[in-house]
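Here is a short briefing to read alongside the model. Please keep the sequence and the 3D view open as you go.

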Amino acid sequence: MSTLLRLLVFAACLVAIGPLAWHLVSSIKTSEELNRVPPTIAPEGVSLDNYVELFARRPFLRYYRNSFVVATLAALLCLLAAAPAAFALSRASTRRRSSISAGLLLMAFFPPIVYLLPLYEMVRWADLVNHPWALIGPYAALNLPFAIWFLMGYFRQIPKELGEAAALDGLTEEGFFTRMVLPLSTEALLATAVLVFIFSWNEFMFALTFMNLETSKTLTVGLSTLSGAFSVEVPWGLIAAGIVISSAPLIVLIAVFQKRIVAGLAAGALK
Amino acid sequence: MVPLTVARAARWYGFAVTLLGLVAVYPLLRTAVLTLFDFGLVNGFRARFIGIDNFVRLYADSRFWNSLVFTLMFALVTVTLEFVIGFGLALAVHSMKGASRWIRTALAIPWTTPTAVAALVWVWLLNDQFGIVNRILTDVHLIESPIAWLGSPGLAIGALIVADVWKTVPFVFLILYSGIGTIPEELYEAMAIDGGGFWAKLRYVTWPVMRDFVFVALIFRTIQAFAVFDLVYVMTGGGPGGATESISVYAYRTYMRYLEFGYGATIIISGVAALALVSSALYVLLVRRHEYSA
């Protein structure tokens, strides 16, 4: 029984990793080998041509920077708005807390396309088409309900006595929040920021709509519109290399922060 | 408890409320209002109030009904598969002690892959000439010659389901795995002493604790599956012949290609209404029923 279970879990791991591993292997094949039918499995030679072309002749460095700037600023902005609200909610009456939580859940319920057109109108009105802030604002706001939940669950675990003691020592609510609660919660803040970063890095529809210049595109959009730049054949080697470089940073993040993220995902979602 | 004055509320909630108001509440209301207007390229982008005419048109629009049926089917099949596989994996990994950190990381990898990128991953894997899936299937003689998986309606729907399951089983797994972690070991030991077998443990110890986690995972997955856009847009573009067009993709085209903003809003709001029906059914089934019986 347990051997069978191990085998099944092992097989699941293979299925999980396999598709990306195949692209990693393919990305270092030569273009001659990539064009063979049927495809080879192990590469016969190693070539970094695809990566060189991606960064030297195509604007992937630019896409990378755009994704990084947008995702980082969205995560920071989201924390800045979510942390005080989550703290105030964690100390509010049960009735108010649960009604506001329900409101936040309702917000998370709507598919993102509901917001698309009015946001596009606003972006154009503010002359922000192709500007990173056209994405930063929406990403921060749309991740806000989840970030508030996540942090609220964490802040509620901070003992009430700590706040009472701080008040006796003459610390204001703001002082307690900035000097005690925030330093105590670095783990939760970091996990929230990482998740918002991942969601923003992965977003596609808004980026596709608000960013149409090559110099403004994010990685997901740049990569998925790459084959449109070729008329005859699909540049599989380039796409494979692009898949590798756009997933790699996130795999590192999830490997490092996995435990905290998972704990927070469940706790934040249930409280 | 400090009383909530306006000044205090503004200090703590002000930024969050402003951001949500501007980027979520206002757009939501505007989209809802637009359903009552004829607004788009044809009338030179001057909004004209037309009452419920958009909904009348929608009712007769077979493309809308097809996309709704596809979206519901897609959500139902993928969420069911993801739940079964994710739950099974969570139980299996939990029962294996040690080495599970690397296993969890490996299993989480597809979830971190951007959906649009995951779509590209599968487009190439399934390609009829250069794809590895065809090569493996022909090597083991399951099929005689390569198949264009994205070329026919039935297979394309299957391909989308496979890609979505690959991408999101990890999410369900991670939530349920952390749920199992909250079950005290003593409960299982007590059950073992009472002579309970695998199914008894699952039914009387694991499931009651897991129900809330399952609800969270399912509700989030249902919402996301219902909103499916990236995967369809990149993998099939809604084709072949509109067979895989989801509500979001149809609405997106209506907005951005046909430039019919009022009608696009009507498609979305009607889709959301359908989603609300499904979600409340799920809620009653999973949460309320047990509250009455408990």
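Helices (H or I, at least four residues) and strands (E, at least two) are DSSP runs, numbered from the N terminus. With that in hand, chain B reads α-β-β-α-α-α-α-α-α-α-α-α-α-α from its N terminus. This is a predicted model, where local features need pLDDT of at least 70, side-chain atom pairs count only at pLDDT 80 or more, and totals for chains, interfaces and linings use all residues. Residues are numbered from 1 along each chain as its sequence is written, chains are lettered from A and ligands numbered from 1 in the order in which they are written, and side-chain values use heavy atoms, with hydrogens and water left out.

**Chain B as a whole**

- Chain B has 12 helices and two strands, and its C-alpha atoms fill a box of roughly 75 × 75 × 35 Å along the principal axes.
- Of its 294 residues, 53% count as buried; buried means under 20% relative accessible area, exposed over 50%, and partly exposed in between (1.4 Å probe, protein chains only).
- Taking contacts (heavy atoms within 4.5 Å) in chain B between residues at least 6 apart in sequence, 67% join residues at least 24 apart.

**The nonpolar core**

- A nonpolar core is a set of buried Ala, Val, Leu, Ile, Met, Phe, Trp, Tyr and Cys residues joined through side-chain atoms within 4.5 Å.
- The largest one has 189 residues, and Phe210(A) and Met235(B) have the most contacts inside it.
- Helix 4 (residues 60–90) of chain A gives this core its largest share, 17 residues.
- Beyond its neighbours within four places in sequence, Phe210(A) touches several residues, including Leu116(A), Tyr120(A), Asn130(A) and Leu135(A).
- Leu80(A) also sits in helix 4 of chain A, and it counts as exposed because its relative accessibility is 57%.

**Where the chains meet**

- Chain B brings 80 residues to the contact and chain A brings 90 residues.
- Together they bury about 7700 Å², 81% of it on carbon and sulfur atoms; buried area is the accessible area (1.4 Å probe) that two parts lose on being put together, summed over both.
- Trp12(B), Trp124(B) and Phe130(B) supply 11% of the area that chain B buries against chain A, more than any other three residues.
- The interface holds three salt bridges, a salt bridge being a side-chain nitrogen of Lys or Arg within 4 Å of a carboxyl oxygen of Asp or Glu.
- Arg30(B) forms a salt bridge with Glu121(A), with the closest N and O atoms 2.6 Å apart.
- On the side of chain B that touches chain A, the largest share, 18 residues, comes from helix 1 (residues 6–34) of chain B.

**Salt bridges within the chains**

- Over all chains, the structure holds 14 salt bridges.
- Arg48(B) and Asp38(B) pair at 3.5 Å, N to O, and they join strand 2 (residues 48–49) to strand 1 (residues 37–38) of chain B.
- Arg48(B) is partly exposed at 49% relative accessible area, and Asp38(B) is partly exposed at 30%.
- Glu82(B) and Arg221(B) meet in a salt bridge at 2.8 Å, N to O, linking helix 3 (residues 62–95) and helix 9 (residues 198–226) of chain B across 139 residues.
- Both Glu82(B) and Arg221(B) are buried.
- Glu245(B) and Arg253(B) form a salt bridge at 3.2 Å, N to O; Glu245(B) counts as buried at 6% relative accessibility, and Arg253(B) counts as buried at 12%.
- In chain A, a network of salt bridges links Glu53(A), Arg57(A) and Arg58(A).
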